[in-house]
Amino acid sequence: MEEENYTSASEFILLGLSSQPERQDLIFGLFLVMYLVGAAGNLLIILATGSDSHLHTPMYFFLSNLSFVDFCFISSTVPKMLVNIQMQTQSISYCGCLTQIYFCILLANMDNFLLMAMAYDRYVAICHPLHYSTMMSLQICALMLGSSWLIASLHSLLHTVLMARLEFCASNVIPYFFCDLIPLLQLSCSNTQLNQLMILLVGGLIVLIPFLAILVSYTHIVSAVLKVPSTQGKQKAFSTCGSHLTVVTLFYGTIMGVYLSPSSSHSTDKDSLASVMYMVVTPMLNPFIYCLRSKDMKGATRKLFSIKALSCGL
């Protein structure tokens, strides 16, 4: 009987966004700018919400955690890509690839859970304002955050462990700029039915339940706001949800573009572009959406910069 040509891959090749050498400098510059802008924007929100006592509320507690997660999200893939371009290599070690998968799943799950928590916060604030302080107490917010980290960690660990047991054939080329779960499964020579089942069942539930919870929250919010007699009252209520709704649309829209579009419409170029939107552009834009649409965030940001300017002057 012939031996099957299975191997334990020591590294994988990330093709990136273009194989043309003359475009590498442009890609490096573009992604460096996006990374620095995204990292600075998310860190700015963390500093602004932490330094302004008026923003020590459940909504901004979750927003600062979302910014921390987005900072880690963009840092989990882009620096490795930039280093590869500078070093003129496309390789990533086997352990490095599994580490990327773990953190990408973990942080994507946390984005998902935090957006759900923020939707629940808006629901309580608009539909049950008299009970807001008890329904959104510090203990409840901490419990929501802690349970989110626990579930996200266990979910990402599950997929990483299942991936680690697989064997790989001769091909080790991943047509993206980072290690993604589905393309890596396609390279395996082992039976991946269990992996695919867990993606469908566990992964599907972890995405679907928060998404449905957000939809239910906003259904109740819209229903409550429409009962407000004054136009000014309706506008004020909706304005508190505008930033969150924009981020939710951007987050789930890019997820659908990457993972839920028909397979017949998939191509390497389209999938690469969609993954850039999901992994880089969305975390970069989130701070600007909140800063531009929220008067409180604008005020806190200006206050932070004025403090820094005074300290520099001294």
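**Figure 1. Helices H4 and H8 have axes that come within 9 Å and cross at roughly 20°.** This crossing angle makes H4 roughly parallel to H8, since angles under 35 degrees count as roughly parallel, over 145 as roughly antiparallel, 65 to 115 as roughly perpendicular and the rest as oblique. The axes are lines fitted to C-alpha atoms, for helices over the stretch in contact, and angles run from 0 to 180 degrees between N-to-C directions. H4 passes H8 in a left-handed crossing; a crossing is left-handed if the near helix is turned anticlockwise from the far one by less than a right angle, and right-handed if clockwise. Helices (H or I, at least four residues) and strands (E, at least two) are DSSP runs, numbered from the N terminus. The model is predicted: local features need pLDDT of at least 70 and side-chain atom pairs count only at pLDDT 80 or more, whereas totals for chains, interfaces and linings use all residues. Residues are numbered from 1 along each chain as its sequence is written, and side-chain values use heavy atoms, with hydrogens and water left out.

**Figure 2. Ser217 lies in helix H8.** Ser217 is buried, with a relative accessible area of 9%; buried means under 20% relative accessible area, exposed over 50%, partly exposed in between (1.4 Å probe, protein chains only). Not counting residues up to four places away in sequence, Ser217 touches Ala119, Tyr120 and Tyr123.

**Figure 3. Helices H1 and H2 have axes that come within 9 Å and cross at roughly 155°.** H1 and H2 are therefore roughly antiparallel to each other, and their crossing is left-handed. Residues including Met34, Gly38, Asn42 and Ile46 in H1 meet residues including Tyr60, Ser64, Phe68 and Ile74 in H2.

**Figure 4. The largest nonpolar core has 65 residues.** A nonpolar core is a set of buried Ala, Val, Leu, Ile, Met, Phe, Trp, Tyr and Cys residues joined through side-chain atoms within 4.5 Å. Phe31, Phe62, Leu63, Met279, Val280 and Met297 have the most contacts inside the largest core. Among the elements that give two or more residues to this core are helix H1 (24–51), helix H2 (58–75) and helix H4 (94–127). H4 gives the most to this core, with 14 residues. Leaving aside its neighbours within four places in sequence, Phe62 is in contact with Leu114, Ala117, Met118, Met136, Cys141 and Met144. A second, separate core of 17 residues includes Ile101, Ile105, Leu166 and Leu185.

**Figure 5. Ser148 is located in helix H6.** Ser148 is buried, with a relative accessible area of 10%. Beyond residues up to four places away in sequence, Ser148 touches Met110 and Phe113.

**Figure 6. Ser93 belongs to strand S2 (residues 91–93).** Ser93 is partly exposed, with a relative accessible area of 38%. Ser93 and Glu11 are 82 residues apart along the chain, yet their C-alpha atoms are separated by 4.1 Å. Ser93 touches Ser10 and Glu11, not counting residues up to four places away in sequence.

**Figure 7. The protein chain averages a pLDDT of 84, and 86% of the residues score at least 70.** The pLDDT is the predictor's confidence in each residue, from 0 to 100. Among the elements of the protein chain, helix H6 (residues 138–164) has the highest mean pLDDT (95) and helix H11 (residues 295–313) the lowest (65). Over residues 1–7 the pLDDT is below 50, and this stretch has seven contacts in the model beyond near neighbours in sequence.

Note on methods
Contact means heavy atoms within 4.5 Å.
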